[in-house]
Amino acid sequence: MGAPKKSGGGGGGRVSVTEDSDELVRVPLQAILLADSFNTKFRPITLECPKVLLPLVNVPMINYTLTWLESAGVEDVFVFCCAHSKQVIDYLDKSGWLSQPNFSVTTIESHNSVSAGDALRLIYERNVIHGDFILISGDTVSNMSLTQALAEHKERKKKDSNAVMTMVIKRSKTNPAIHQSRLGTDELFMAINPDTKQLLYYEERTDLSKGIMHLDKSFLADNPSLTLHHDKQVNYILSEGIGLLDCYIDICSPEVLSLFTDNFDYQHLRRHFVKGLLVDDIMGYKIFVHEIHSNYASRIDNFRSYDTVSRDIIHRWTYPMVPDVMNYGNTATKLERQGMYRASEISQSQSAVIGPFTVLGFGTKIGNNTIISDSVIGKGCKIGSNVQIKGCYIWDHVTIEDGCKLNHAIVCNEVTLKSGAVLEPGVILSFKVVVGPEFVVPPYSYVSLLQQPVEEDSDEELEYADSTSVITSKVDKSDEEDASEVPEARISSVSELGMGGVGYIWQKCEGSQEEEWRHSVAPIPADKISEAMKTMEDDLELTHDGSILPPSGELIPDSNDSDEDNEDSRDDFFEREVEATFLRAVNENIQEDHLILEVNSLKLSCNKLTADCAGAVFYAMMKYAVDTPHSSLDGLMQNVNDVLSKWKKALTSYLTDIDEQIEIILKFEEICLESAREFAPLFTKILLHLYKEDIIEEDAILSWEDEKRDADEADKVFVNKAQEFIQWLKVAEEEDE
Amino acid sequence: MFLTLGSLLVLMKELTNPYRPIAGLQYLSGNISGSNARCIAMLQAFQDAIRDYRVPPEKTFVRDLTAKISSYVSFLIECRPLCISMGNAIKFLKTRIAKLPLTLSESESKASLHSDIERFINEKIILADKVIVKHAVTKIRDGDVLLTYGLSSAVEMILLHAHKLGKQFRVIIVDSRPQLRGKILLRRLVEKGLSCTYTQINALSYIMHEVTRVFLGASSVLSNGTVYSGVGTACVAMIAHSFRVPVLVCCEAYKFSERVQLDSICSNELGDPEVISKVLGREDVNYLDGWANTENLQLLNLIYDATPSDYISMIVTDYGMVPPTSVPVIVREYRREQLWI
C-alpha cells in the first residue's frame, strides 16, 4: 500500500536546495502559508473556528501543510493569520510548531486583511522575504517533492528574470465528469505551451452550461503549438483528453510580492493576480507550470473536497501523511485490515460492526449493534446503541444517543444528537448544536448556534470583512456567556431542531440550491451524474462532428474560425450527420448500398426531401475532396474526380429528378462561395465533369441558368463563369434538333 | 517477437488469403490474448478463409482444404504457440471437413462448414460462458470476499452478473508482472461500481485471510484434473488451499484436454525475457540492462503453469460443477458428443 517513503527524499531535497542557493548568499527556502482561505465556503463552521484548524481525519489541516513544507526542505515559514488569528497562534504554540529546531514558524497577524492580496502586501511591508518562496494556503495536502520544481524555477529565473512564478499542476482523473465532481471545484481552462511549459491562459468558470472558450485569433497565431487543458472535455480538447488540476502550490520569486503592492487592486491570487499577469504584456512577466504525475497534491476548497481528501488520506494516497504516521500529541493510531484505523482506549461493543475505511479516535465508546462505515470519528465520542453512521465526519466529544441515523454529514465538536435523530445527506452541524429526539435534519442543511449573518454586499471579499468583525465579537460573547446564551437559543429554536434542540437552521441563499449538491459532503445524486455525463457526451459529439476541428491537441491558427462553423452546423444537424456518415463510409470502406441506406434513414428521421439528401451527399463529397491533401488546383480536381467516380452511385441514387440536379448545382455554388473557396476557380471544370459523368443532365444546367437569369449580379458570378459551357450545351442541343 | 520480419513476409506471400495473416499478426503483437478471444479470432479467420477458398483444378475439396488449414495453423504456431482450446477447435474443424459428404457441392460444403464454425463459437464458447455464469453465481453469497487472479473473461462475467443481481460482495484482484492483466479487469469492475482491492501476488498470504472464495480462469483442464492456466495461478490456488479457502476454476468444456501433465515446464510457452528484466515506469530499476551479454544468466518468463488437482475444490463448466476427478468423464463424453455434431 502507499507510496514509497518520502522522508529520505525530503531530506535529500533540503540538501540540494541549500546548495543551489549558496551561490550568492545562503538564503533559506521560505514559505508563506495563508492560514485563511478568504472565502465563506466552510460556513457555518468557520464562523467559530478558523478553517486551517478544522480536523482532517482527526488532525487539524494546518498540520498537513506544515509537515509537508518541513519535509520539502522549507526552513522558514510565515503563517499569515487573519480570521480567528488568536486561535491559530494558540494552536501553533501549543502543538509545538513554533519551537521546532531547523524549522522556524513565524506568525503574522492581521485584522484588516480581507484577501490574499492584502496579506501579501502586508508581508511585503514587513520585508521578511528575501528569496524565492513557496506560496501555499493552509488547507493543502501534498506529498510531492519540491526539489525538481524548485530547480526548474531557478533555472528559468536565471535565463529570464521575468519568470516570476511556477504553479504546480496535476493531471486529473481520466473521466472529466467524475474528476470535476470529485473536488467540487469550478471548471478550469488552462493554455500551456508544451515546449516551454509557460502558462498562457487561465480561466475558472462557474457556469456549467457550455464550455466554449473564446480566444483571440492573434493569441493562437502567436503560439502555433499550443496545448489547451481543461478539466472537462469540450470543444478544443486536446492532448489525451485529460484535464489538469491546479494544486494551489506556487513557487514565487520576491517580485511577486512587489507586484501585489504595485497593483493594489489585486485581491484574489488566481482571479486577479494570475490573470492580471497573463493579460499584461507591458511588463512581460511570465508564469510557468510544473506538472506532477505520481505524487499527491490537493487543496480543500469546499466540503466536497474535504470529503474527497479525507478519503484519499484514509486510502493512503497521501503517504506519509496518513493517520498512523501523523499523530500529534495523541496516542498512536494503528492500521488494521481494510483501511481501519483505531486509536487506543476505544471501548467497542462486541456486537458493533465497524466497516471498512473508518477512523476511530482516542477514547471513543461505541454501543451495541451500531454500524459504522466509511467514516471518521474523533476522540472522546460517545456513540450509543443501534446507531448507523455512514460516510460521516464526526469530530471530537460528540454524543450520539441510541438509534440515530447519520448519513454523509459533518458533525463538529461537542454536538449532541438525542436518541432517534436522523441526519440526511449533506448536513453540517456546527459546534455544540443539539438535535432533538426523533428529529430529522433535512438534507444539505447547515445548523449552527450562531444566526446566519445577513448578507449585505454581494462581493465575497467585502462581505467577509464585515462579517468577521461581527463574528469575532460574537464568538467572544458566546465563549463568555455560554450559559446565558444557550437557554435563549433554546427557546427560539424548539421548532427548528425538535424538542430540546439548540441551534439555527440556516436559510439557503438564493441560487445556491442549484449548486449545493456539488459542494456538499454527500455523494452526488445519481441523476446529477447522469446529467453531467450527458452534457459531456453532447459536448463530445459536438467535437467529433465538427470535422473541421483538428483531431490532435495541436491547434492550427487557420482553424480558429471553426467556432462559427460549429454554430452554423448545429443548426443544420442533418447535413452534419450525412457528412459524418459519408466520412465513415470512406474510412471504413462501407459499401455504397449501405451508405445509401443510412442516408435514407437519416432523411426519414430528419424529415428531409430527396433534394436535401442529394445536396448533403454532394456537400460531403466536396468537403472530403478538399480535406484530402492536395498541392495544387490540379490535385484538387483529381481528388474531386476520384471521389465522384468512386461514390457516383451514392449520389446518382438521389438524382431521380431534374430538381435534385439543380439543387446540386446550387449547393455547389454555395460551397464555392462559402465553405470551400478553393473550388471557385474549378467551378466550370467540375460542372463539366459532372455533366460528362451523367450526374447532371444538360436540362438541369440550362434551367439553373434560367433560374439565375433574374438574380442579382453578385449571384450570377458562376453562371457567367460557366457561360461558355452553357453556350456550348445550347448549340449542341440545337444541332440535335 | 518470435518471428523475423523476413520469414513473416514469406509467409504472407504464401498465404494468398488476406485475412489470415491479420489474425496471425494480431497474436504476434499481443492484441488478442486470452484463450477464448484467441480461439474465436482464429475460428473467424478460418470462416473467412473457407469463404474465399477456391478448389484448385484436379484436387478434391476435402483433401486440399485440410492441407490448406494445416498450413494456416502452422503459420499461427509460428506467430505464437497455440493454446489447447485452439488445438481442440482445430481438431473439431478438421473432423468436420473430413466428414463432409462427398455428394455435396463446393458451395454447399462451404456453407455447411461456415455454419459448423458458427455453431461451435456460439454453443461451445458464448453459450457455455452463460451457463458457467449461471452455475457459479449460485456460489456467491452476500458478504463474500472473492479473490481472482489476472484476467479471465469467465470470471469477469460471473462477477458482473452477481453484481447485477444485487449481491453484496467485495473483489480482490491479485495481479503479477509482467503482463499486469489484472488491471484491465480492475478497470472494468470499478467502472461498473464493484468494490475492489488490487494487490500484487507477493501480498497474497496477507490478503488471503479475508477471502471467502477464490475464482480462477483456466487455459485448459487436463484429464488428470490439473488446471493449466496463466503463470501464478498455481501459487494462488496453493495458498488458498492452505488457508482452507475454496478454489473454483471456471473453464468451458471445449478447453478440456485428454492430455496428462505433471509439471509446467513441458510444453509451456516462453515469453519475451526482455519484459521481466524491465519494470514499467521505473527507469531507475535498470540493474539488468545489457544482461544479454552475460553468459551465466538466463531469464525465464513462463506464460503458463499447472495447478495440481489437490488444490482445486471445484471446476465450473458448461456441464455443471464437477470435482477435478470427474474431468476424464467430461473429456470422454465431450469427445463422443463432438462426433455426433
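1. Rings of Phe, Tyr and Trp, the last taken by its six-membered ring, are counted as a pair if their centres lie within 6.5 Å. On that basis the structure, which is a predicted model, holds 17 aromatic pairs over all chains.

2. Within chain A, Arg299(A) lies over the face of Tyr248(A), at 4.7 Å from the ring centre.

3. Strand β4 of chain A, residues 76-81, deserves a point of its own, since 6 of its 6 residues are buried. In a regular strand the side chains alternate between the two faces of the sheet. Here Asp76(A), Phe78(A) and Phe80(A) point one way from β4(A), while Val77(A), Val79(A) and Cys81(A) point the other way, and all of them are buried.

4. The pairing of β4(A) can be followed to two partner strands. Strand β1 of chain A (residues 30-34) runs parallel to β4(A) and is joined to it by 5 bridges, with Leu33(A) having Val79(A) as its bridge partner. Strand β5 of chain A (residues 104-109) is likewise parallel to β4(A), over 6 bridges, and in β5(A) the bridge partner of Asp76(A) is Ser104(A).

5. Turning to chain B, the secondary structure comes to 12 helices and 11 strands. Of the 341 residues of this chain, 48% count as buried. Among contacts in chain B between residues at least 6 apart in sequence, 80% join residues at least 24 apart.

6. Chain B contains an open sheet of 7 strands with mixed pairing, in the order β3-β2-β1-β4-β7-β10-β11. Its edges are formed by β3 (195-200) and β11 (320-322) of chain B, and because each has a single partner strand, one side of each is left without a neighbour in the sheet. From one strand to the next, the twist averages 25°. Within this sheet, β7 (residues 247-250) and β10 (residues 314-317) of chain B pair in the parallel sense over 3 bridges, and Val249(B) has Ile315(B) in β10(B) as its bridge partner. Helix α10 of chain B (residues 233-242) packs on the sheet, touching β1 (144-149), β4 (213-217) and β7 of chain B, and the direction of the helix makes about 160° with that of β4(B).

7. There is also an open sheet of 4 strands in chain B, again with mixed pairing, in the order β8-β5-β6-β9. At its edges stand β8 (256-257) and β9 (304-307) of chain B, each with a single partner strand, so one side of each has no neighbour in the sheet. Strand β6 of chain B (residues 227-230) and β9(B) run antiparallel and are joined by 4 bridges, with Asp305(B) in β9(B) as the bridge partner of Ser229(B). Helix α10(B) packs on this sheet as well, touching β6 and β9 of chain B, and its direction makes about 30° with that of β9(B).

8. Which residues does Tyr341(A) contact, leaving aside its neighbours within four places in sequence? The list includes Ile313(A), Ile314(A), Arg316(A), Pro323(A), Asp324(A), Thr358(A), Val359(A) and Leu360(A). Tyr341(A) belongs to strand β16 of chain A (residues 340-342), and because its relative accessibility is 0%, it counts as buried. The C-alpha atoms of Tyr341(A) and Val359(A), 18 residues apart along the chain, are separated by 4.6 Å.

9. Gln87(A), in helix α3 of chain A (residues 85-94), is partly exposed at a relative accessible area of 29%. Beyond residues up to four places away in sequence, Gln87(A) touches Glu48(A), Cys49(A), Pro50(A) and Leu53(A). The C-alpha atoms of Gln87(A) and Pro50(A) are separated by 7.4 Å, although the two residues are 37 apart along the chain.

10. Finally, how many disulfides are found over all chains? A search of the whole structure finds 0. Among the cysteines, Cys392(A) is buried, with a relative accessible area of 0%, whereas Cys196(B) counts as partly exposed at 23% relative accessibility.

Conventions: Residues numbered from 1 in each chain as written. Chains lettered and ligands numbered in written order. Predicted model: local features only at pLDDT ≥ 70, side-chain atom pairs only at ≥ 80, totals over all residues. Heavy atoms only, no water. Phe/Tyr/Trp six-rings, centres within 6.5 Å; stacked < 30°, edge-to-face > 60°. Lys NZ or Arg CZ within 6 Å of the ring centre and 35° of its normal. Buried < 20%, exposed > 50% of the residue type's maximum accessible area, 1.4 Å probe, protein only. Contact = heavy atoms within 4.5 Å. Disulfide = S-S within 2.5 Å. Pairing = 2+ DSSP bridges. Axes fitted to C-alpha atoms, helices over the stretch in contact; angles between N-to-C directions.
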